[in-house]
Amino acid sequence: MTNDTQAPEQTDGFHLVIDALKLNGIDTIFAVPGIPITDLTRKAQAAGIRMISFRHEQHAGNAAAAAGFLTQKPGICLTVSAPGFLNGLTALANATTNCFPMILISGSSEREIVDLQQGDYEEMDQLAIAKPLCKAAYRVLHAEDIGVGIARAIRSALSGRPGGVYLDLPAKLFAQSMDAEAGKRSLIKVVDPAPRQLPAPDSVQRALDLLKGAKRPLIVLGKGAAYAQCDADIRALIEKTGIPYLPMSMAKGLLPDTHAQSASATRSHVLAEADVVMLVGARLNWLLSHGKGKTWGTPASKQFIQIDISPTEMDSNVPIAAPLIGDIGSCVSALLAGLGNSWAKPPADWTQGITERKEKNQAKMAATLALNPATMNFHSALNVIRNAVKARPDAIVVNEGANTLDFARSIVDMYEPRKRLDVGTWGIMGIGMGFAVAAAVVTGKPVIAIEGDSAFGFSGMEVETICRYNLPVCVIVFNNNGIYKGTDVNPLGGDLAPTVFVKNARYEMMMQAFGGVGVLANTPEELAKALDEAVKSGKPTLINAIIDETAGTESGRITSLNPQSAKKK
Ligand code: ADP
Ligand code: TZD
Ligand code: MG
């Protein structure tokens with residue numbers, strides 16, 4: 001075909017971005033189109049990348065973050081300049097906070113105009129704004145650097161502690177053309193983006209020695225352990241050592257919550273009484289009371305072993321006696337290798353005491369769950385979902401709210417790893433529909449989103465997205481007429497209290513509006529029937545579960561974090 005007069009084949013910024021992503025195994029993008037990336041979304045779709053188009057960038061960003069957590073590939077969120085970028089930024093910061101790998105790719109306006117602040121369309125110095133809110137931030141100005149830019153973004157998102165990365169692509173870049181062959185050569189397929197990091201042998205021995213000497217050992221599994229995808233080894237470590245364990249919320253299901261060694265039902269007892277605690281991919285942040293205070297019993301009564309990929313996580317709150325730095329897969333297999341065949345199980349008075357307390361608490365909970373109050377409450381509704389997840393352990397549970405979150409976390413048992421996605425480290429509202437869409441898209445499994453009515457409102461419009469892509473998502477809105485409760489009153493009359501919503505809102509009609517199934521459920525029977533049908537049919541469904549508006553408590557289980565006014569009224 002070629003002859004001397006024919007110009008060499010050209011490529012451009014659009015195609016180089018798409019080719020670089022595809023070369024690195026990226027098969028899905030979560031986006032909201034507009035200037036300057038509309039054509040990029042079209043061309044990516046035409047090139048076989050699955051484009052999931054959202055109604056708001058925050059939810060596209062949350063979807064990318066959840067996809068990253070579930071797959072160990074960076075989830076990609078694509079947005080327009082300034083306002084679209086800012087809408088995606090909360091998700092990027094949240095992903096970084098939670099150690100989920102994602103890349104926010106935003107188009108941006110003309111550098112020359114932005115930098116002189118001459119007032120371009122959607123003008124903003126996005127790179128500078130993103131930098132403090134993510135793990136790394138890059139800008140590509142020349143088409144021949146697109147390959148490097150995407151390779152650096154992927155490596156930054158995945159290596160070491162995973163997190164969010166920002167990639168700035170100015171409008172002019174997309175139309176820049178270059179020789180197709182040279183363009184192809186400029187792309188980089190990232191080799192080993194998350195290299196294993198083997199723990200030092202002496203640190204493994206130190207951890208084993210500490211564990212061996214423990215009288216009341218405890219293992220805490222965090223979402224880092226779920227992310228690491230070394231499920232069989234983690235289970236083997238727990239079962240071979242015989243040590244009781246506590247899963248943090250997104251580590252639930254790494255071992256089934258019904259496992260004999262789970263200490264979840266007697267959490268406060270084991271945290272207070274343990275003498276050696278091994279943290280596996282869990283930080284000693286507020287969710288673990290910073291490793292000190294009343295929760296942790298007698299001051300200085302415990303020693304910590306901490307497995308984490310980030311060395312600077314050690315001693316962040318309390319001294320870590322045995323830091324084990326490396327990737328969780330390598331650390332856990334090194335511990336397993338070091339256990340030998342004669343590992344003594346923990347003293348029976350410790351494990352039996354836990355079992356007895358646990359059985360007592362579980363019996364109490366079973367009695368509460370069996371009650372069937374005239375108006376559905378959190379317990380009677382969640383009991384239905386508990387049974388549904390037991391029947392479909394492969395379903396993914398998404399969960400947000402205050403009481404709706406706290407009760408669901410303790411009542412709905414999980415059976416398989418990475419099946420629970422929730423508000424994470426920040427306790428952020430708004431992840432619901434983004435996480436649900438991602439879970440359905442990347443796994444194809446049924447998704448059950450357990451949503452407080454306030455929590456649902458943050459991303460509710462994405463039910464259209466769920467219907468548009470016909471995703472097997474069943475949203476259950478726990479409708480208690482408000483934030484925490486529906487009973488607050490404004491002492492002055494007039495406007496409603498700030499925590500309450502329109503009473504008896506018909507959330508199910510939102511799903512109906514877009515062709516999905518909407519059901520109003522006043523009883524556990526109605527809820528069970530609708531949920532069963534939703535999971536069986538895979539049809540987008542929203543169940544408006546009417547919950548006793550008096551049943552919740554302020555801020556759920558974290559009431560104590562509310563500052564108290566010194567002045568009485
Ligand atoms: P949780 O909220 O469940 O307690 P955190 O988000 O606080 O969990 O902690 C997760 C920890 O896991 C982070 O400190 C992170 O550095 C670590 N981590 C994530 N992935 C890995 C991995 N593959 N290997 C080792 N540590 C990891
Ligand atoms: N905004 C964001 C982004 N995150 C938050 N966590 C909050 C606001 C504050 N907040 C909570 O911490 S929980 C919650 C809000 C607004 C909603 C609780 O109401 P709900 O759940 O209806 O979702 P319950 O079941 O009524 O308690
Ligand atoms: Mg509510």
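Predicted model: local features only at pLDDT ≥ 70, side-chain atom pairs only at ≥ 80, totals over all residues.

1. The buried residues of the helix are P524, L527, A530, L531, A534 and V535. They span an arc of only 135 degrees around the axis, which means that they sit on the same side of helix 22. An α-helix has 3.6 residues a turn, so residues three or four places apart point the same way.

2. Helix 22 covers residues 524-537, 14 residues in total, and reaches 20 Å from its first C-alpha to its last, close to the 20 Å expected at 1.5 Å a residue. G538 follows the helix and has a positive phi, near 70 degrees.

3. On the nonpolar cores: the largest has 130 residues, and L221, I234, L421 and V475 have the most contacts inside it. A second, separate core of 30 residues includes A381, V389, V535 and I543. V535 is also one of the buried residues of helix 22. In soluble globular proteins, nonpolar side chains tend to be buried together.

4. Leaving aside neighbours within four places in sequence, L221 is in contact with I234, I238, Y245, L246, P247, M248, A251, L254, L255, V280 and A282.

5. Which residues supply the protein donors of the magnesium ion (ligand 3)? They are D453 through OD, N480 through OD1 and G482 through O, lying 2.1 Å from the ion. Along the sequence, the donor residues follow the spacing D-x26-N-x1-G. N480 and G482 are both buried.

6. Is T41 buried or exposed? T41 lies in helix 2 (residues 38-46). With a relative accessible area of 9%, T41 falls under the 20% limit and is therefore buried. Apart from residues up to four places away in sequence, T41 touches A31, P33, M51 and L78.

7. G119 is in the loop between helix 5 (111-115) and helix 6 (126-130). Its relative accessibility is 57%, so G119 counts as exposed, the cut-off being over 50%. S109 is 10 residues away from G119 along the chain, and their C-alpha atoms are separated by 10.0 Å.

Key
Residues numbered from 1 in each chain as written. Chains lettered and ligands numbered in written order. Heavy atoms only, no water. Donors = N, O, S within 2.8 Å, 3.2 Å for Na, K, Ca; no water. Buried < 20%, exposed > 50% of the residue type's maximum accessible area, 1.4 Å probe, protein only. Helix = DSSP H or I, 4+ residues; strand = E, 2+ residues; numbered from the N terminus. Expected span 1.5 Å × (residues − 1). Arc of directions from axis to C-beta. Contact = heavy atoms within 4.5 Å. Core = buried A, V, L, I, M, F, W, Y, C linked by side-chain atoms within 4.5 Å.
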